[in-house]
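This report walks through selected features of the structure shown below, beginning with a strand and moving on to helices, a sheet and a chain interface.

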Amino acid sequence: MDTTITITAYGPKAKKAVSAAFAEMRRVADLMNANDPASEVAYINQNAGIKPVKVSPETFELLKLSLHYSQLSVGAFDVTVRPLVELWGIGKKDNYVPSKEEIQQALKLVDYRKLVLNDQEQSVFLPVKGMGIDLGGAAKGYAADRARAVLQEYGVNSALVDAGGNIWTVGVRPDGEKWRIGIRHPRPEMGSKILAVLPAQDLTLVTSGDYERYFVKDDVRYHHIFDPRTGWPAQGVISATIVGTNGAEADILSTTVFVLGPKKGLALAAESGITKAIVVTPDLQVFTAGRDLPEMEFVNGEKEGKNQ
Amino acid sequence: MGTREEQTRRLLYLSLLVAGGTVLHVIESYLPALGALPGAKLGLANIVTMLALMAYPPADVWKVVGLRVFLGSLLGGTLLTTTFFLSSAGAVGSAIVMMLALKWGKGVISTVGISILGAVAHNLSQLIVAAFLTHSWGIFFYLPYLLLFALPTGYFIGILTRLIRRALPSFFSVESAGNDKNQQDLDHQCGICQ
Amino acid sequence: MTRADKLVIVGVLVAATLLGSSFWLWKAHNQITDVPQVIIEVNGEIKEQIPLTELKPGKQYQIQGVLGYSVVEGGENKVRMVESPCPDKICVGMGWIEHPGEVIVCLPNRVVVRIIGKSNTKLDGISQ
C-alpha cells in the first residue's frame, strides 16, 4: 500500500499502541498487497490455472466479503479485476491507454463468478491462467479496521487513523468533542478544498475519488477505478464517500458506488446497511444518502443535490 | 521670555509651523489610502510636530498640534466627524510619545527613531479610538500590520524632518539653546553612524 | 541611525511579530463548533448574522450606518464590502474576507463586518 498513514492516539499507552497499530497494518499489507510477490494474494495469482492455494483466515474472510459484493453488484465491483489493473498500470506505466483489443483480452480474464472459495480447506482457486485477484478496493479499509482494533486492545479510547484518506475515528477527541472530518472536494480547483465536514465518533469514512491516481490524455481523465464490465475507468462519478463502522466493507462499497453511479450505488449501499454516503457526479451534483446527514456541514452550499 | 524681538520671532515661527501643519494635514487627506488598512497614513503633519518639539517647549507644541488639527479639519470639511476624532487621536498620541522620546532619549535617539515611535503611537491611538467608536475590539487584528507599516512611513518622515531642519538652521537658533545643542550633537552622531 | 534607532526598529518588528503570531494562535484556538458566522455590526450592534456557508454569490445586504447605506456582498464562503458612503472607501478596497477572525471596518459609517467561529480548514482529518 503506497500511501501515507498517520495514527494519532491519546491515552497512557498511546505510544505503544500506535507502533503496534503500525506493525499490524504493515502485516496486513504484506499479506494482501498483490504487487508484493511475497504476499498471499500474489501467491494466489501466481497459481491461477494451476492449483488452489490455502490462505490465512483473514485473507479468506476478506475475499469472501469481496466476492459477496461482487455478486451483489453483479460485477460492478469485481475482486478479480487484477488483469485490468495490470494492463492499464495507472500510476506505473506512462500515460498508457490500451487498445480495444487488449482490453477485450483482459476482460475475458475478469470474472468473479469463476473464483472458487473453499470454506472447508480455506483455499482460493483461480481456474484460468492469467486471472488475478486485487484487494486494492478492500485491503486498505481492512488494514484500518485492524489498526483500530489494536488501538482498542491497548485501551486507547481516543484516536484517529488516517490510512491514505481512509479515516477511522476512535471515540472522541481529548477535548470531548467529536472528531471533525472533512470530505475532500473532488475538484478543489473549483474553490473549496473540502466538500463537507462530518463530526464523527467511532466511525470510518472511506472516499474513492478519480483524483487519487490518474493521468489526462487528450482531455480525458484516466483514473484508477475501473468498471470491470467495460474495462475502462468508471465514468459517471468523481467521488464516492461511505461512512460506516466496518472499514473493509466501506472501502469495497465506496468503489462499488463509484462504479454503479449515484442512484444504483446508493440503493445498494442502503441495502447493505449504510446510512451515510455522499456521491459527486462530474457535473458536481452531490447526492447523499441517509437521514443522519443534517449534522454534516456542506461547505460549498452544494447541498442542492438529490436526497435518495 | 526674552526680548520683544525674540517674542515676535517665536510667534512668527509658531504660526509658520501651524500653517505648514495645516497644509500638510489637508494634503494628507487628499492622498489615496496607503494599503487597504484604516489608519495606514504617511503622517506628513508629524513633520511639523517634530520640528516644533525640537525648538519649543511642550506648551507651544500643543498649540501647534491643536491648531493644525483644528484648522486642517476645518479646511478639509471633516471637523467633528469620525475622521476628525481619528486624526486628533493620532496627532495627540504621536506628540506625547515623541515628546517623551525626546526628553528621555536626548542625544541617544535620532530624528528617525523618534519619528518611527511617533508613527507607531499615531497608528496605535487611532486604532484605540476606532475600536472605541465602533465598539469592536476585533479591529486590533490590524495592529501587527499597522506596526509594520509604521516602520517605512516613520523612517521616511524622520528623514524628511531632518532635511527640513538642516535647511532651516535659523529656525532653531533662537530659543532654548540647550535643546538646540542636543539636536546638533544628534545629527553629528548620526553622520558617524551611517 | 543611532543604536537607539535600530533598537526602536527591532522593537517594533518584534512587537508586530509577537502580536501577529499571538493573534494567529488565538484565532486557531478560539474556535467554536458551529459553522463560521458573518456578523455585520453598526456601532457595535449586531445587524445581521449569516452562516458563512449560506452566503450566495451576488447576494447583497444593505446596512444602514451613520452616514448612509453600506452594501455587503456574499461570495462562495466569503464576503466583501461593495459600496460605502465613506469618503476613503478603504473598506471596499479591502476585498474579500473568508477566515474567522478577519474583519472589514468602515469607520466613517461605523460598519464592521467580521467572521467568527470555527474555521473549516481546521479539521482533524480528511477523507479522500
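## A strand covered on both faces

In chain A, both faces of strand β7(A) are covered, with W179(A), I181(A) and I183(A) buried on one side and R180(A), G182(A) and R184(A) buried on the other. A residue is called buried if 20 or more other C-beta atoms lie within 10 Å of its own, exposed if 12 or fewer, and partly exposed in between, the C-beta atoms being placed from the backbone. Because six of the six residues of β7(A), residues 179-184, are buried, the strand is largely enclosed by the rest of the structure. Strands (E, at least two residues) and helices (H or I, at least four) are DSSP runs, numbered from the N terminus.

The model is a predicted one, in which local features need pLDDT of at least 70 and side-chain atom pairs count only at pLDDT 80 or more, while totals for chains, interfaces and linings use all residues. Residues are numbered from 1 along each chain as its sequence is written, and chains are lettered from A and ligands numbered from 1 in the order in which they are written.

## Partners of β7(A)

Two strands are said to pair if DSSP finds at least two bridges between them. Within chain A, β7(A) pairs in the antiparallel sense with β8(A), residues 194-200, over six bridges, and A196(A) in β8(A) is the bridge partner of I183(A). Strand β7(A) also pairs with a strand of chain C, namely β8(C), residues 125-127, in the parallel sense and over three bridges; here I181(A) stands opposite G125(C).

Elsewhere in chain A, three strands form an open sheet in the order β2-β4-β3, with antiparallel pairing. The strands β2(A) (53-54) and β3(A) (116-118) stand at the edges, each with a single partner strand, so one side of each is left without a neighbour in the sheet. The pairing of β3(A) with β4(A), residues 123-125, runs over three bridges, and V116(A) has F125(A) as its bridge partner.

Helix α7(A), residues 247-260, has 14 residues and reaches 20 Å from its first C-alpha to its last, close to the expected 20 Å, a span defined as 1.5 Å times one less than the number of residues. Since 14 of the 14 residues of α7(A) are buried, this helix is largely enclosed by the rest of the structure. It is followed by G261(A), whose phi is positive, near 95°.

## Helices of chain B

Chain B contains seven helices and zero strands, and buried residues make up 46% of its 194 residues. Helices α2(B), residues 46-55, and α4(B) pack at an angle of about 35° with their axes 10 Å apart, where axes are lines fitted to C-alpha atoms over the stretch in contact and angles run from 0 to 180 degrees between N-to-C directions.

Residues are in contact if their C-beta atoms, placed from the backbone, lie within 7 Å. On the α2(B) side N46(B), T49(B), M50(B) and L53(B) meet residues of α4(B) that include A91(B), A95(B) and M98(B).

## The interface of chains B and C

Between these chains, 33 residues of chain B are in contact with 27 residues of chain C. The elements giving two or more residues to the chain B side are α4 (82-104), α5 (111-134), α6 (143-167) and α7 (177-193) of chain B, and the largest share, eight residues, comes from α5(B).

How values were computed
Contact = placed C-beta atoms within 7 Å.
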